[in-house]
Amino acid sequence: MSICDPTCGSGGMLIESRKYVERHGGKPRNLLLEGQDSNYATVGMCKMNMILHNVSDFKIEHGDILTNPKLVEGGRLKRYDRVIANFPFSMDWDNKIASKDPYNRLRFGAPPSKDKADFAFIQHMFSCLNEKGQAAIICSQGVLFRGNEEAKIRENMIKEDIIEGVIAVPHKLFYGTGIPGFVLILNKNKPQKRKNKIILISTIYYF
């Protein structure tokens with residue numbers, strides 16, 4: 001199985017994926033782990049973490065996935081069985097690049113530029129899934145409610161029936177931000193019983 005974290009940081013989610021497979025009786029050496037990050041120092045730390053955790057089949061690249069995705073084969077984005085990610089919430093970006101994107105990632109719509117790169121990240125991750133791929137993406141809850149261009153993107157994603165679940169989690173759960181988040185589950189191969197349905201889960205926790 002191939003697993004990608006396009007905003008991998010120090011590689012924690014990739015390493016935990018490997019540990020999960022091992023805990024459940026799978027063969028972690030059969031995994032292909034790949035990722036990319038825009039921070040050069042963090043990329044070095046990620047590679048070191050992979051080696052320290054005995055991961056042999058991995059590829060970690062340096063670069064901004066929105067403007068310069070590096071996990072590419074034959075001029076196309078590489079496709080994976082699983083994509084996991086915790087991207088930077090509500091980051092600024094230049095949405096003028098949307099119309100020139102050679103990988104046609106923004107098929108559901110171009111997000112606005114100021115503080116709203118969230119759906120650019122989400123659509124990149126969806127574009128990295130193979131025909132049976134699934135993604136788990138940590139997002140800020142603003143992604144669920146903001147209007148205008150983002151509302152149209154949500155509507156288009158729902159119409160294409162690629163959203164399998166939304167798991168809301170409490171604020172202060174993620175290091176470095178008090179913003180409440182949620183886990184967005186995407187599935188390009190929903191089972192018949194879940195087609196045209198979205199699982200909604202809300203959790204409450206008091207610190």
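**Sheet, cores and aromatic contacts in a predicted model**

At a relative accessibility of 16%, Asp 161 counts as buried (buried means under 20% relative accessible area, exposed over 50%, partly exposed in between, with a 1.4 Å probe and protein chains only). The structure is a predicted model, in which local features need pLDDT of at least 70 and side-chain atom pairs count only at pLDDT 80 or more, while totals for chains, interfaces and linings use all residues. Residues are numbered from 1 along each chain as its sequence is written, and side-chain values use heavy atoms, with hydrogens and water left out.

Asp 161 is located in the loop between α5 and β8 (helices, H or I of at least four residues, and strands, E of at least two, are DSSP runs numbered from the N terminus). Its phi is near 60°, a positive value in a residue other than glycine. A positive phi is also found at Ser 90, where the value is near 50° and the residue is again not glycine. Ser 90 belongs to the loop between β6 and α3 and is partly exposed, with a relative accessible area of 27%.

The sheet is open and consists of 8 strands in the order β3-β2-β1-β6-β7-β9-β8-β10, with mixed pairing (two strands pair if DSSP finds at least two bridges between them). From one strand to the next, the twist averages 10°. Helix α2 (residues 40-52) packs on the sheet and touches β2 (32-37) and β3, where contact means heavy atoms within 4.5 Å. The direction of α2 makes about 170° with that of β3 (axes are lines fitted to C-alpha atoms, for helices over the stretch in contact, and angles run from 0 to 180 degrees between N-to-C directions).

Within the sheet, strand β6 (residues 80-86) pairs with strand β7 (residues 129-140) in the parallel sense over 6 bridges. Val 83 has Ala 135 in β7 as its bridge partner. Between β6 and β7 the chain passes through helix α3 (residues 118-127), and this β-α-β crossover is right-handed; that is, with the strands pointing away from the viewer, the path from the first strand over the helix to the second runs clockwise. On the next pairing, β7 and strand β9 (residues 181-187) run antiparallel and are joined by 7 bridges, with Val 183 in β9 as the bridge partner of Ile 138. Strands β8 and β9 are likewise antiparallel, joined by 5 bridges; here Val 166 stands opposite Leu 184 in β9.

In soluble globular proteins, nonpolar side chains tend to be buried together. The largest nonpolar core in the model has 38 residues (a nonpolar core is a set of buried Ala, Val, Leu, Ile, Met, Phe, Trp, Tyr and Cys residues joined through side-chain atoms within 4.5 Å). Ile 122, Ile 137, Met 157, Leu 184 and Leu 186 have the most contacts inside this core. Two or more residues each are supplied by β6, α3, β7, α5 (149-159), β8 (163-168) and β9, and α3 gives the most, with 6 residues. Leaving aside residues up to four places away in sequence, Ile 122 touches Phe 87, Ile 137, Cys 139, Val 143, Met 157, Leu 184 and Leu 186. A second, separate core comprises 12 residues, including Ile 3, Ile 15, Cys 46 and Met 50.

A search of the whole structure gives 3 aromatic pairs (rings of Phe, Tyr and Trp, the last by its six-membered ring, pair if their centres lie within 6.5 Å; planes under 30 degrees apart count as stacked, over 60 as edge-to-face and the rest as tilted). Phe 87 and Phe 89 form an edge-to-face pair, at 6.1 Å centre to centre and 75° between the planes; both residues are buried. The ring centres of Phe 87 and Phe 121 are 5.0 Å apart and their planes lie at 15°, so this pair is stacked. Phe 121 is buried, as is Phe 87. Phe 87, Phe 89 and Phe 121 are linked by ring pairs into a cluster.

Ala 151, in helix α5, is partly exposed, with a relative accessible area of 28%. Ala 151 and Lys 70 are separated by 81 residues in sequence and by 29 Å in space, C-alpha to C-alpha.
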